[in-house]
Amino acid sequence: MAKVTIDGIEVEVADGTTILNAARQIGGEVVPPAMCYYSSLKDTGGKCRVCLVKVTQGSAKDPRPMPKLVASCRTPVMDGMVVQNITSQEVLEARKGVVEFLLINHPLDCPICDQAGECDLQNLAYEHGAAKTRYEEDRRTFEKIDIGDKIKLHMTRCILCYRCTFVADQLTNERVHGVINRGDASEISTYIEKAVDNEFSGNMIDVCPVGALTDKTFRFKSRVWFTKPLDAHRNCDKCCGKVVLWTKGDDVLRVSARKDQYGEVKEYICNECRYDHKNMNDWTIEGPRHIDKHSVISQNHYEKIDMQKLKLDIERQIQFQKGKQLPETNQSPA
Amino acid sequence: MARLLEHINVPGINTFDVYRKHGGYKSVEKALKTMTPDEVTEEVKKSGLRGRGGAGFPAGMKWSFLDRKSDKPRYLVCNADESEPGTFKDRYLMEKIPHVLIEGMITSSYALGAKTSYIYVRGEYMYIIRILEKAIEEARANGFLGKNILGTDYSLELYVQPGGGAYICGEETALLESLEGKRGNPRLKPPFPAVAGLYASPTVVNNVETISAVCSIVNESGDEYAKIGVGKSTGTKLISASGHINKPGVYEIELGLPVEEFIYSDQYCGGIWKGRKLKAVVAGGSSVPILPAELILKTAKGEPRLMSYESLSDGGFATGTMLGSGGFIVMDETACIVRNLWTFTRFYHHESCGQCSPCREGTGWMEKVLHRIEHGHGHMEDIDLLVDVAKKIEGNTICPLGDAAAWPVASAIRHFREEFEYHVKYPEKVKNPKHFELEPFRSEKVLAGV
């Protein structure tokens with residue numbers, strides 16, 4: 001076990017835990033954002049640089065600070081480590097810079113993007129970005145390529161997190177797509193425009209933090225905040241069968257895997273569940289899905305407030321403002 | 001006294017027989033027959049040899065980090081992916097005396113206990129790959145490579161691997177990825193290559209010149225080698241001198257040579273060409289900060305600047321630079337700093353691997369802004385924008401390429417801001433690409449007649 005202090009809050013975690021996961025055990029404001037790290041996919045992380053944190057004390061044994069900001073998603077904690085995230089101006093500056101870098105070549109076509117409303121980049125930019133751009137050059141464009149009949153690739157929106165390549169490597173038998181070219185000309189592509197066609201390839205859509213990979217069967221059907229998410233399951237011999245149905249009236253517009261509060265899928269679903277069962281009768285409905293009240297999707301969706309939890313949240317917030325150690329809360333994943 | 005280039009002018013020195021006649025492969029004999037691997041490592045440590053690839057990390061220390069307890073095979077990889085603009089010393093060395101590298105590889109591999117070693121050569125150096133392969137064949141035919149070298153129980157296989165011509169593959173972890181046959185993206189550290197490098201085995205990656213220097217260290221002992229040079233900068237260094245000088249080329253200098261002597265002495269660069277004045281120097285390859293003439297000849301404290309790791313970095317980045325890989329680029333008074341900087345930035349934009357966001361997006365952004373300023377379409381805000389973008393890239397990337405792209409921009413604006421302002425204020429005057437050749441840049445005060 002290692003004791004680590006993040007923004008003044010002490011937490012004890014297992015050896016080998018990364019700083020990001022230690023922060024997630026604390027929860028709340030001290031959790032660094034992550035655009036490329038994905039806890040259920042091995043070797044992800046370290047690329048987007050939005051999770052940079054400052055290590056002011058390396059460990060109890062070697063209290064020297066680390067010379068540079070480190071990627072919290074790939075840096076393991078040491079006993080006695082002291083980390084600054086939102087309490088360090090340097091970290092916030094660097095993060096603001098990274099968000100700006102991610103946005104300079106992003107087309108900002110949110111009004112016509114299917115991901116809008118559930119986009120990690122939108123959330124990140126809202127939280128850490130500047131209101132104005134300083135970039136006056138042309139944004140980069142790519143030649144459009146078709147990667148199959150189920151998944152739509154918008155390369156201009158891609159932030160090159162490499163998550164989809166890890167999905168293909170780790171969930172499917174054979175990876176037929178990857179990153180080609182170099183530098184800012186890098187793009188996701190398939191071997192000579194081969195179609196991405198595999199039982200679990202649809203999970204690429206769920207892990208994509210932006211609208212670069214979207215569901216062709218849901219394309220332009222509805223804005224996500226007009227749909228009603230329902231937890232549902234079916235007996236599937238290929239996957240867990242636990243999904244979210246995005247419905248409008250009795251129509252199932254889209255099926256996706258369930259994501260936790262950090263936008264990560266823990267249980268991946270197969271393409272059959274995702275694309276071939278767009279009928280309410282195929283599913284056992286468990287009930288409406290809990291959507292974080294800050295999300296735009298929760299607009300006009302009312303649910304009963306857990307007064308106990310709300311009280312704890314407020315107490316936590318007050319104590320955090322005073323700079324005290326936060327009490328343990330039962331923050332259940334959404 | 002020359003160490004590496006001592007016999008450079010001997011005809012046929014690129015062949016085994018001539019090289020052997022001039023004292024070649026002595027270090028292999030000495031190491032394998034009279035020394036243990038640890039003793040060789042100890043000599044390298046004593047010599048104070050610092051990595052010649054750019055970062056200047058002590059080579060002996062790097063060797064001692066190698067995980068010797070692991071039961072995995074150990075590897076030595078020679079980094080011959082020399083692609084830093086302004087640096088061409090390794091090419092010269094490998095082309096003229098390939099055997100000094102082979103000899104260094106055998107001795108170093110023995111010290112590290114490597115049974116297989118690789119020389120990773122950049123793709124553009126195809127003819128050098130042929131030279132090296134011929135040299136390896138000659139060494140093998142004479143019993144210096146293969147099974148039971150010189151009758152001892154030490155065996156070594158040495159391979160030459162061509163790269164694809166990417167600058168990023170000169171970064172040690174990207175080089176290892178490329179050597180494994182993958183896309184040359186730098187790895188996140190830790191783990192360091194000394195623990196998990198090539199094929200997840202303990203690996204040491206050293207520059208061509210570093211490995212070649214091991215020969216003379218073993219021959220004449222580490223303590224003797226440490227006597228050359230100044231302070232912690234020991235030994236000799238190859239400097240690739242280029243730019244507006246009378247005698248561009250590769251020179252072997254003893255570290256501690258005054259910069260002024262290096263530029264103006266007839267033994268080395270031979271002064272600035274066409275009798276012009278010195279304007280600026282990039283002392284260690286395109287990625288180190290650029291320094292104006294007054295700061296390259298004398299430090300901020302007024303002491304003469306020496307060609308050594310410490311003296312060149314005296315004053316930090318505010319008034320200093322780095323020795324880097326020894327790519328010494330000299331600019332005379334007609335050089336346009338903005339144009340040169342744009343060229344450098346264009347290179348980093350082209351060579352960024354695209355893995356992490358600040359470098360992928362930031363290098364392109366800086367290039368576009370510099371392109372605008374250089375061609376007379378800049379605004380005054382652009383100058384501060386460049387400084388800010390460089391600051392946001394520096395230190396926030398996976399590998400040092402981000403830093404290498406940011407430092408030249410930050411330093412050029414730090415020392416030559418007036419020139420950037422001139423470009424913005426007088427767009428008509430900079431339309432001609434050779435604008436400062438017609439009329440060398442004068443500061444605003446001169447222009448205004450003050």
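Q: Why is Tyr199(B) called partly exposed, rather than buried or exposed?
A: In this predicted model, Tyr199(B) has a relative accessible area of 42%. Buried means under 20% and exposed means over 50%, so a value of 42% makes Tyr199(B) partly exposed.

Q: Where does Tyr199(B) sit, and what makes its phi worth a look?
A: Tyr199(B) belongs to the loop between helix 8 and strand 4 of chain B. Its phi is positive, about 50 degrees, although Tyr199(B) is not a glycine. Most residues other than glycine have a negative phi.

Q: What makes Asp43(A) partly exposed?
A: The relative accessible area of Asp43(A) is 48%. Exposed would need over 50% and buried under 20%, so Asp43(A) counts as partly exposed. You will find Asp43(A) in the loop between helix 1 (19-26) and strand 3 (52-57) of chain A. Phi of Asp43(A) is near 70 degrees, a positive value in a residue other than glycine.

Q: Why is Asp7(A) called buried?
A: Asp7(A) has a relative accessible area of 10%. The limit for buried is under 20%, so Asp7(A) qualifies as buried. Asp7(A) lies in the loop between strand 1 (2-6) and strand 2 (9-13) of chain A.

Q: What makes Glu374(B) a buried residue?
A: Its relative accessibility is 1%, and buried means under 20%, so Glu374(B) counts as buried. Glu374(B) is part of helix 16 of chain B. Its side chain makes a polar contact of 3.2 Å with the side chain of His423(B). Beyond its neighbours within four places in sequence, Glu374(B) is in contact with several residues, among them Cys336(B), Trp342(B) and His435(B).

Q: Is Glu157(B) buried, exposed or partly exposed, and what makes it so?
A: Glu157(B) has a relative accessible area of 26%. Glu157(B) is found in strand 3 (residues 157-162) of chain B, and its side chain is joined to that of Arg140(B) by a polar contact of 3.2 Å.

Q: Why is the pair Lys392(B) and Glu93(A) called a salt bridge?
A: The side chains of Lys392(B) and Glu93(A) meet at 3.9 Å, N to O. A salt bridge needs a Lys or Arg side-chain nitrogen within 4 Å of a carboxyl oxygen of Asp or Glu, so this pair qualifies. The count between chain B and chain A is seven salt bridges.

Q: How do you know that chain B and chain A meet, and which residues of chain B lose the most area?
A: There are 34 residues of chain B in contact with 34 residues of chain A. The two chains bury about 2,900 Å² between them, 49% of it on carbon and sulfur atoms. In chain B, Glu361(B), Trp365(B) and Lys392(B) lose the most area to chain A, together 23% of what that side buries.

Q: Why does the radius of gyration of chain A agree with a compact globule?
A: A compact globule of 334 residues would have a radius of gyration near 20 Å, and chain A has 21 Å, so the two agree. Of the 334 residues of chain A, 53% count as buried.

Terms used. Residues numbered from 1 in each chain as written. Chains lettered and ligands numbered in written order. Predicted model: local features only at pLDDT ≥ 70, side-chain atom pairs only at ≥ 80, totals over all residues. Heavy atoms only, no water. Contact = heavy atoms within 4.5 Å. Buried area = accessible area lost by both parts, 1.4 Å probe. Rg over C-alpha atoms; globule rule 2.2 N^0.38 Å. Buried < 20%, exposed > 50% of the residue type's maximum accessible area, 1.4 Å probe, protein only. Helix = DSSP H or I, 4+ residues; strand = E, 2+ residues; numbered from the N terminus. Polar contact = N/O pair within 3.5 Å; in protein donor to acceptor, adjacent residues only side chain to side chain.
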